[in-house]
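Here is a friendly walk through one structure, meant to be read beside the model. Please keep the 3D view open as you go.

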Amino acid sequence: MRELSVESVPLRAAAGRVLRQVVEAERDQPPFDRVMMDGIAISHADFAAGVRQFPIQGRQMAGDAAATLTPGKCMEIMTGASLPAHADCIIPVERISVSEGIANLEDGYMAVAQQFIHPRASDHTAGSQLLAPGKLVSAMDIAVIASAGLSHVDVSRSPVVRVISTGNELVAAGQPIEPHQVRLSNGPAIQALLAQHGYPDCEHDHLPDEPAVLRERIAGHLDEADVVILSGGVSMGKADFVPEALAELGVKEHFHRVSQRPGKPLWFGSGTDGQAVFGLPGNPVSALVCCRHYVIPALARASARRTATPEFAALAADVTFMPELTGFQPVRLISNAVGQVLAMPVKINTSGDFTALSASDGYVELALEQSQFPSGTSVFLHRW
């Protein structure tokens, strides 16, 4: 799949997008010696000389320019304010009493130089790299980018995705349905999964099992999209026309069928302009597993997102998986008293049992070489 281009977006639109630039500190952080407590600012040398009563010279609020402290006096100070020149110690307001313009320290209070002061540049210095390309921008990153003085930031363009459900038996929610028909659920679920991972530009189309219609409508979607996802029509049945229609449109097949369950009929190819084309099985569990396992990582890679760190969990119950295939077992995540993440298998009757997926948090990967997976076995975890 081709890499997505870069675009500059306002800061308010950057969350959930993949960063494509280095973000450097505009200034030292903090940019001044920042006061951390309400109270008074003094020179610790005065305290060390035995002074315990300090005439109040003035008041400094957050946002005020730093004043200059007169020896032997104090400055009323607020949290977040800039430390006055010649001050190097903050006495919390709870440790003083004020009478007739004099701040009196609490009996026996011991002050330490530099206490309750956040030194300038102690977090980072001007020009430091704060964020690197490839990171998914979070709310915390927005604060970092704003602190760097950037109103706009470079991110990967959001991919244009088209989801196509095929099948004469499918009827959309809200429409009358006959006993022999089934509700269209894969398309909306795939759209939701993509949006959940930060890919909202995703429209859905429902096509009948008619070769001419498939060719015409898929051609239109290929002209518009970076990625086309088809659900259904990729197995070996007499009404599975999708691979033939794609071939007639010049879409090159890279593979068809994967040694896994669920999702063995998976199809993948590329269009004449580099579009990625995924043919997902029609069974709901298979479609969602394949979308999460193949489509989402492909979109992340095209967006230049950093590769995610592999995640593991320990099985919370024995699992038997006899087919000579890689197995994807839906699981519900729990934890134990020692902080271990445990994967409790969720029973799925068939690859059409999408209702059971609602109780799952993801799925684990069962290695092809094994058939018995005792409780406690460490397995790859893929969260939805």
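Predicted model: local features only at pLDDT ≥ 70, side-chain atom pairs only at ≥ 80, totals over all residues.

In helix 3 (residues 186–196), the buried residues are Asn 186, Gly 187, Ile 190, Leu 193 and Leu 194. Buried means under 20% relative accessible area with a 1.4 Å probe, protein chains only. Helices are DSSP runs of H or I with at least four residues, strands are E runs of at least two, and both are numbered from the N terminus.

Residues are numbered from 1 along each chain as its sequence is written, and side-chain values use heavy atoms, leaving out hydrogens and water.

What covers the buried residues of helix 3? The cover includes strand 13 (161–166), strand 16 (202–207), strand 17 (227–231), strand 21 (276–280) and helix 6 (284–302). Ile 190 touches Val 163, Ile 229, Ser 231, Leu 280, Leu 288 and Cys 291, not counting residues up to four places away in sequence; contact means heavy atoms within 4.5 Å. After helix 3 comes Gly 198, with a positive phi near 95°.

Ile 190 also belongs to the largest nonpolar core, which has 30 residues; it is among those that touch the most other members, together with Val 161, Leu 194, Ile 229, Phe 278, Leu 280 and Val 295. Such a core is a set of buried Ala, Val, Leu, Ile, Met, Phe, Trp, Tyr and Cys residues joined through side-chain atoms within 4.5 Å. Helix 6 gives the most to this core, with 11 residues.

Now to the sheet. Six strands form an open sheet in the order 16-13-17-21-20-18, with mixed pairing; two strands pair if DSSP finds at least two bridges between them. Strand 13 and strand 16 run parallel and are joined by six bridges. Two helices pack on this sheet, as listed here.

| Helix | Strands touched | Direction angle |
|---|---|---|
| Helix 4 (residues 211–224) | strand 13, strand 16, strand 17, strand 21 | about 170° with strand 16 |
| Helix 6 | strand 13, strand 17, strand 21 | about 165° with strand 21 |

For these angles, axes are lines fitted to C-alpha atoms, for helices over the stretch in contact, and angles run from 0 to 180 degrees between N-to-C directions.

How values were computed. Buried < 20%, exposed > 50% of the residue type's maximum accessible area, 1.4 Å probe, protein only.
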